[in-house]
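Open the model in your viewer and keep the selection tool at hand. This tour tells you what to pick next and what is there.

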Amino acid sequence: MDAIKKSTSGKNESNTLPFSADIYEELLSFLSRCLLANARAATSKDDKADKATDKSPVSDDLVLLPRYIAYLRKGMSIDSTEDPLELYRKLIEEAMGSAKGSPNLHHIASLALLQLIYHSQSNLCPLYSQRIQWLQPFLYTGMKDTRELCAKILGYATAWKKEGEEPVFLDQSVIVRVVETLLGQLNEDDLNTDNPEGACNGLGYIFCRTLRVNNGQLPPHLVGFHTTLVTKLFRLIKHRNVGVAIAACRALGVVSRFAALPIADEDLEEKSSAMDTSSEGETVPSTPEKPKEEPKGSTKLTKGALIAQLVVMLKSLSTERRLAERIANTLGQICLGDPSKAVHDTIAKALLSMDSTSNEEFIFTVGEALSCITSGESSTAAYDPLVPEDEQLTDREEETEQEEAEASESHGRADSGNADKGKEIADKESEENAVVVRAMLEKIFEKLISSQANVRSSACIWLLSLVKHSRSHSLIKGNLSNIQAAFSRLLSDNNEITQEAAAKGLVLVYELGDSSTQDSLVQELVSTLSTGKAKRTEDIKLSADSEVLPEGTLGKAPEAIGGGMSTYKELCSLSSELGQPDLIYRFMSLASHHSLWNTRKGAAFAAKTLASKGGADAIKPFLPSLVPKLYRLSHDPNPRLASSMKNMLDSLCDSKKAVDENFDAVIKDLLEGVVSSVWRVREASCNALANLLQGRRWEHVY
């Protein structure tokens, strides 16, 4: 500690580091882990007493570190030399400011500082408002991700708000000077692309933060810059450099996140005509032409023109994948800040027409945007752009759960007069929103029965996104049975992504239901997988008792059906043999093996309870019966089925140890399978037996 104090005293004018860059990276990572360990220790020590009084600084394992940082900050002075968090902050600054540090060190330090500021806004925002000149150069140096992190820090330094108090803004002369400087750098002809890219990030988060803390309103001295900023960003989204275009598009999204864009509501109906879809939900085969270039400063920008330009770029085959994802995200953010129905309808039509792409990451982004249109601020995808990325979804889910709990507790306790008035307003809002949700579900359900595999895959991921991000909506909860029926039909799809997305959806649907709903869902799913027929679902315009699999498909060789339905029928059989039909949902949550679910967007769809340690623990009492069957199935001639079952076995236990402990039961099951009348059981048993006996001693086998 003394060495750290000494290294952080005074200014780092020589740009040297007290340690090498590699050691410094490990040091910051170690200190971060120490904070988390201390948070867990504090929670473990005081858990019982604090939970009883509801005063625990930490109550959720997912957010231990953030709450513990806020807890430690209480009552601490910024200038305290004994405050360990203050020493930690100075170490971070030293790493950021040194020219001797590596790009990775600068990134780690910037992220660490952003997290500290995010969880200590009342203390650190005023401090960094005095250090704007120190922060600005970081907008143009280092990795692109690091620049964005520094832009977020700059945003926090320009506006903040203490609980129960009025918002505080950076001194007028300072912020005006900063904004004017950055606006001057939004030059599409600048050969140094670092300048417009850094300016886009800085201005985007400055205006986003100001609008966020002031309920969508700008202070008078910034109002005049708002339209100028949007106009300049509109020109930059077509920049020849994709990095600048992405930064401009991102800035456009964050600026529109908490308030409608300050441009005219014109041309929306005219521009939306190119985005119409046919009655079957298929995209009309038309390629919209690129809007004509406007003479600079001569024509007033409208929302219709801006959205049309974004849609043209979204549909263009020449648009880079990263830019396309950013455009979809921006369109969703525009809908969050703008209550206009025309804006929402125009953007929804455009996004729903993007159903033929094979890029799953892009489809997930579109799904998040559709959820924002459907549920608005109640969607868990409607995060605050300035929140550190790792905590965005966690914070939104926690807020949603808290709101649902508070609504449940306060139900029926309101004053009768106020309750009637509030109910009238709520009913009106609910009715308007219900129309949007119902229309969105119908459009997606239509696409689920398309003859095109890509369209079905896109629609499945979009429905999965709605269930995940809009789960608190009453219409989603009221249509769980129909949504499950729709997902069940896709378990037999030839597309592996569609199959596994449908399985993820079934697990999320089960989690949303209460006990009686879950019992009903289990019965319906078991019936569907056992008979190959789905329940009657008139509400989603599907015929009664439609076959999930064409007649005779189940009798064909595994290759003929792509392995998808075989996996889920085996899971159904396993759960039925154990006398626990509801275990099929737990099996599904563990059986996915496609690499998509390991990506950032895919990982967000992991089942919260069924795929957790508690969900796996519920299956462990059945392991003696499960291990023999799963071991055989992990050697099935169908590679997809084998991979799913192997992943499932590895998720539940140490597979090697479990097989050794249940060796007698495993070998008995395999010997019975060797003489089975079903060829695939015989082949799987022979493969498994050969693998099981390899390296065994005679005494063990005998």
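We start with the whole chain, then go stop by stop.

**Before you click**

This is a predicted model, so local features need pLDDT of at least 70 and side-chain atom pairs count only at pLDDT 80 or more, while totals for chains, interfaces and linings use all residues. Residues are numbered from 1 along each chain as its sequence is written, and side-chain values use heavy atoms, with hydrogens and water left out.

**Stop 1: the whole chain**

Show the protein chain as a cartoon. It has 35 helices and two strands. Both are DSSP runs, numbered from the N terminus: helices are H or I with at least four residues, strands are E with at least two.

Now switch to a surface. The accessible surface comes to about 32300 Å², and 50% of it belongs to carbon and sulfur atoms. Such areas come from the Shrake-Rupley method with a 1.4 Å probe; for residues, only the protein chains shown count as cover. Of the 702 residues, 52% count as buried. Buried means under 20% relative accessible area, exposed means over 50%, and partly exposed is in between (1.4 Å probe, protein chains only).

How much of the contact count joins residues 24 or more positions apart? Among contacts with a separation of 6 or more, the share is 72%. A contact means heavy atoms within 4.5 Å.

**Stop 2: colour by confidence**

Colour by pLDDT, the predictor's confidence in each residue, from 0 to 100. The chain averages 74, and 66% of the residues score at least 70. Select residues 403-429. Here the pLDDT is below 50, and the stretch has three contacts beyond near neighbours in sequence. Next, select residues 536-564. Their pLDDT also stays under 50, yet the model has 51 contacts for them beyond four places in sequence. Where pLDDT is low, the predicted coordinates should not be read in detail.

**Stop 3: helix 8**

Select residues 144-158, which form helix 8. Its end C-alpha atoms are 21 Å apart, in agreement with the 21 Å that 15 residues should span at 1.5 Å a residue. The expected span is 1.5 Å times one less than the number of residues. Of these 15 residues, 13 are buried, so the helix is largely enclosed by the rest of the structure.

Click Lys144, which lies in this helix. Is Lys144 buried or partly exposed? Lys144 is partly exposed, at 44% relative accessible area. Lys144 and Glu197 are 53 residues apart in sequence but 9.0 Å apart in space, C-alpha to C-alpha.

**Stop 4**

Move to Asn215, in the loop between helix 10 (194-213) and helix 11 (220-236). Asn215 has a positive phi of about 55°, although it is not a glycine. Most residues other than glycine have a negative phi. Asn215 is exposed, with a relative accessible area of 67%.

**Stop 5: the nonpolar cores**

A nonpolar core is a set of buried Ala, Val, Leu, Ile, Met, Phe, Trp, Tyr and Cys residues joined through side-chain atoms within 4.5 Å. The largest one has 138 residues. Select Phe207, Leu306, Leu351 and Phe487: these have the most contacts inside it. Helix 12 (residues 242-255) gives this core its largest share, ten residues. Another core lies apart from it, with 19 residues, including Leu630 and Leu670.

Zoom in on Phe487. Beyond four places in sequence, its contacts include Leu464, Ala501 and Val509.

**Stop 6: helix 23**

Select residues 496-512, helix 23. Its 17 residues reach 25 Å from first C-alpha to last, close to the 24 Å expected. The helix is mostly covered, with 15 of the 17 buried. Ala501 is found here, and is buried at 0% relative accessibility. Ala501 and Leu464 are 37 residues apart in sequence and 7.0 Å apart in space, C-alpha to C-alpha.

**Last stop: the cysteines**

How many disulfides does a search of the whole structure find? The search finds zero. A disulfide here is a pair of cysteine sulfur atoms within 2.5 Å. Compare two cysteines: Cys34 is partly exposed at 26% relative accessible area, whereas Cys208 is buried at 0%.
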